[in-house]
Amino acid sequence: MTAKITIKKAVGVMALSAALATVPIAGQAGDGVPTGEEVEVLHWWTSGGEAKALGALRSTLEAQGVAWKDMPIAGGGGTNAMTVLRSRVMSGQAPTAVQMMGFDILDWAKEGALADLNVIAQAQGWDDVVPPALQQFAKHDGKWVSAPVNIHSTNWVWGNKALLDRLDIEIPENWNDFIAAMEAVKAAGYIPLAHGGQAWQDATVFDGVVMATGGPDFYRKALIELDQEALTSDTMKQVFDRMSQLRGLMDENYPGRDWNLASAMVINGKAAFQMMGDWAKGEFLNAGKVPGQDFVCFRTPGSQGTVVFNADQFAMFKVSKERQDSQLKMAQAVLSPEFQVAFNTVKGSVPVRTDVSDEAFDVCGKKAIADLKQAITNNTLVGSMAHGHAAPAAIKSALYDVVTTYFNGAWTSEQAVKLLAAAIKNAS
Ligand code: BGC
């Protein structure tokens with residue numbers, strides 16, 4: 001067994017060297033002559049914390065003589081980025097690499113637009129170290145078509161520790177305690193819940209509330225299997241009731257606010273909590289805040305022991321021959337253990353390689369890594385609806401519409417339940 005692995009790895013390394021041999025690496029280009037290598041990267045990592053994390057990849061590649069052409073398209077959840085991408089590809093100008101999630105990757109793969117990364121994947125043993133839950137969105141027809149970057153999850157809450165301590169508020173264990181804690185914050189004159197009213201943010205909160213209310217079996221039935229009975233159940237009505245409770249705990253300026261500005265409200269102590277994926281931690285870190293000391297992280301109360309995940313990947317498009325080496329170098333850099341640590345400690349996410357130690361991670365990062373491991377073992381890991389890992393784009397956007405319209409106060413919970421089930425049926 002051991003011998004087999006060794007041979008496989010040795011063959012992999014040879015294949016990798018052969019794959020990358022055609023272009024000189026940094027320091028070998030000679031006389032400062034540019035190598036002509038370049039990657040054009042489309043992404044939506046535009047907040048302070050996100051840009052800092054991405055900088056780790058840019059500098060790794062630049063050190064290898066690969067120039068970085070940046071194509072940032074603001075908008076969390078990536079909806080805007082996916083629209084721009086479509087028009088680029090239509091006009092025959094596909095970028096080298098595109099930040100992408102879940103079902104969107106499979107859609108582009110089915111269209112035949114993505115490259116074959118198997119030579120690098122085999123050399124670095126991606127099959128052995130990337131969790132199967134991610135592989136299902138990174139491979140098509142036996143070929144790796146995208147390079148997984150990180151594992152985020154959406155069922156998190158971020159809290160300002162000084163404010164919570166001052167008000168004598170403990171980390172809530174269940175939904176009622178969470179609401180009671182936020183009522184106490186309100187009574188003390190602070191904003192209980194910082195939020196930005198944008199469809200993808202509303203849906204991100206919805207992910208966590210569905211999990212906290214119905215647990216993993218219900219989440220799967222309703223949001224992954226799209227089972228009409230689950231979608232029209234009393235549990236789903238309770239989910240909407242809870243969304244409405246949350247809306248009452250936000251300040252009146254929430255519509256349209258960017259997620260990182262909502263994070264800033266918690267960082268500055270104006271608000272007590274934010275319900276947001278762990279990319280929010282990147283903003284706290286970027287502001288010099290320390291987890292456990294300045295801020296706390298905990299799972300959406302009621303969803304402890306579960307992980308609602310979304311993984312960013314770089315989907316690699318078919319590019320001209322002279323760009324292929326740069327593309328493979330980028331894929332290789334992304335999956336290297338060093339980059340996985342450098343990037344994910346800053347971004348707030350978990351490495352995509354299960355063989356990377358949690359040593360360099362802070363207390364929230366260590367918890368995220370441990371939670372993921374436990375959720376894989378206990379089968380309580382599910383894909384995020386809000387971030388493209390539960391259902392294809394058409395269904396995701398049907399859900400966005402219903403959740404956001406409800407959140408803006410248009411309907412009762414009963415109406416929302418019926419409209420959600422109907423919208424999902426139509427989009428399926
Ligand atoms: C991505 C994160 C990103 C967040 C906000 C999510 O869809 O997975 O990487 O930080 O959007 O931009």
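Author: E225 counts as partly exposed, because its relative accessibility is 47%. The cut-offs are under 20% relative accessible area for buried, over 50% for exposed, and partly exposed in between, using a 1.4 Å probe and protein chains only. Keep in mind that this is a predicted model: local features need pLDDT of at least 70, side-chain atom pairs count only at pLDDT 80 or more, and totals for chains, interfaces and linings use all residues. Residues are numbered from 1 along each chain as its sequence is written, and side-chain values use heavy atoms, with hydrogens and water left out.

Where is E225? It lies in the loop between α10 and α11. (Helices are DSSP runs of H or I with at least four residues, strands are runs of E with at least two, and both are numbered from the N terminus.) The side chain of E225 makes a polar contact with the side chain of K221, at 2.9 Å. (A polar contact is a pair of N or O atoms within 3.5 Å; within protein, one must be able to donate a hydrogen and the other to accept it, and residues adjacent in sequence count only if both atoms are side-chain atoms.) Now look along the chain. K237 is twelve residues away from E225, and their C-alpha atoms are separated by 18 Å.

Move on to L226. This residue also lies in the loop between α10, which spans 199–224, and α11, which spans 228–231. L226 counts as buried, because its relative accessibility is 17%. Its backbone deserves a look too. The phi of L226 is positive, about 55°, although L226 is not a glycine.

I395 has its place in helix α18. With a relative accessible area of 6%, I395 is buried.

Step back from α18. S384 is found in the loop between β14 (381–383) and α18 (393–407). S384 counts as buried, because its relative accessibility is 0%. Its side chain has a partner: the side chain of D207, in a polar contact of 2.6 Å.

D168 sits in the loop between α8 (161–166) and α9 (175–187). Is D168 buried or exposed? At 66% relative accessibility, D168 counts as exposed.

Take A280 first. It is found in helix α14, residues 280–286. A280 is buried, because its relative accessible area is 0%. V157 is 123 residues from A280 along the chain, and their C-alpha atoms are separated by 9.3 Å.

Then take P351. Its place is in the loop between α16 (337–347) and α17 (363–378). P351 is buried, because its relative accessible area is 6%. P351 and V149 are 202 residues apart in sequence, but 7.4 Å apart in space, C-alpha to C-alpha.

Finish at the ligand. Which residues come nearest to the ligand? Of the 14 around it, W45, E50, D312, K347 and H387 do. (A residue is near a molecule if one of its heavy atoms lies within 4 Å of it.) Three of these side chains can be checked in turn. For W45, an N or O atom of the side chain is 2.8 Å from an oxygen atom of the ligand. For E50, an N or O atom of the side chain is 2.4 Å from a ligand oxygen. For K347, a polar side-chain atom lies 2.8 Å from an oxygen atom of the ligand. On its own the ligand has 310 Å² of accessible area, and the protein covers 100% of it. (Accessible areas come from the Shrake-Rupley method with a 1.4 Å probe; for residues, only the protein chains shown count as cover.)
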